[in-house]
Amino acid sequence: MTDSSSLSPSVFVHPTADVEEGARVGDGTKVWHLAHVRSSAQVGAGCVIGRNVYVDAGVTVGDLVKIQNNVSVYQGVTIEDEVFVGPCAVFTNDFRPRAQNPDWTITPTLVRRGASIGANATLVCGIEVGEYAMIAAGSVVTRDVAPYQLVAGNPARPKGWVDERGEVVSRDVDNPPQRG
């Protein structure tokens with residue numbers, strides 16, 4: 001368990017959660033039941049880290065991020081500001097997982113500002129999810145997702161475009177609408 005004196009008084013850590021020494025947690029963040037934030041992880045301000053969430057060493061989570069219950073964010077994942085990660089979403093960090101592999105290397109994943117990842121989505125490592133992109137629940141994302149793009153399915157395929165509020169603004173998968 002964490003020595004709460006090392007965190008800002010505005011950080012809430014549930015008594016069953018574990019924030020390891022060396023982890024950085026921003027002001028106003030809430031770390032809920034049975035969550036685990038490893039040393040050298042960085043979690044921004046104003047975040048909600050749900051029940052049974054695992055934030056691995058070396059992970060960076062931006063400000064105002066909401067990670068719902070039962071999500072594991074493994075080493076190599078970077079989540080920028082204002083991202084929503086739905087319950088039971090899965091991040092991977094290894095293309096060829098083996099129990100024993102002396103040559104194992106982390107393959108990074110980047111989730112850009114404002115993106116939303118639906119419940120039970122799987123993000124295969126080595127991809128970038130563009131800003132304000134929307135990944136539908138249950139999708140398996142195997143390639144990059146463009147900014148503001150809506151993807152769904154297994155494997156995830158383009159289904160249209162969304163705005164910053166997440167409203168679908170076009171179903172023309174080949175032509176993103178003009179913004180601004």
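## A pair of facing valines

Val43 stands opposite Val61 in strand S9. Strands here are DSSP runs of E with at least two residues, numbered from the N terminus. S9 (residues 60-61) runs parallel to S6 (residues 42-43), and two bridges join them; strands count as paired if DSSP finds at least two bridges between them.

This is a predicted model, in which local features need pLDDT of at least 70 and side-chain atom pairs pLDDT 80 or more, while totals for chains, interfaces and linings use all residues. Residues are numbered from 1 along each chain as its sequence is written, and side-chain values use heavy atoms, leaving out hydrogens and water.

## The parallel sheet

Let's step back to the sheet. Six strands form an open sheet with parallel pairing, in the order S3-S6-S9-S12-S15-S18. S3 (24-25) and S18 (128-129) are the edge strands, each with a single partner, so one side of each has no neighbour in the sheet.

## Asn93 in its loop

Asn93 sits in the loop between S14 (90-91) and S15 (109-111). Asn93 is buried at 13% relative accessibility (buried is under 20% relative accessible area, exposed over 50%, partly exposed in between, with a 1.4 Å probe and protein chains only). A polar atom of the Asn93 side chain lies 2.9 Å from the backbone oxygen of Gln75.

## Backbone features in loops

Asn52 is partly exposed at 40%, whereas Tyr148 is buried at 5%.

Finally, the peptide bond from Asn154 to Pro155 is cis, with omega near -5°. Pro155 lies in the loop between S21 (149-152) and S22 (157-162).

Conventions:
Helix = DSSP H or I, 4+ residues; strand = E, 2+ residues; numbered from the N terminus. Polar contact = N/O pair within 3.5 Å; in protein donor to acceptor, adjacent residues only side chain to side chain.
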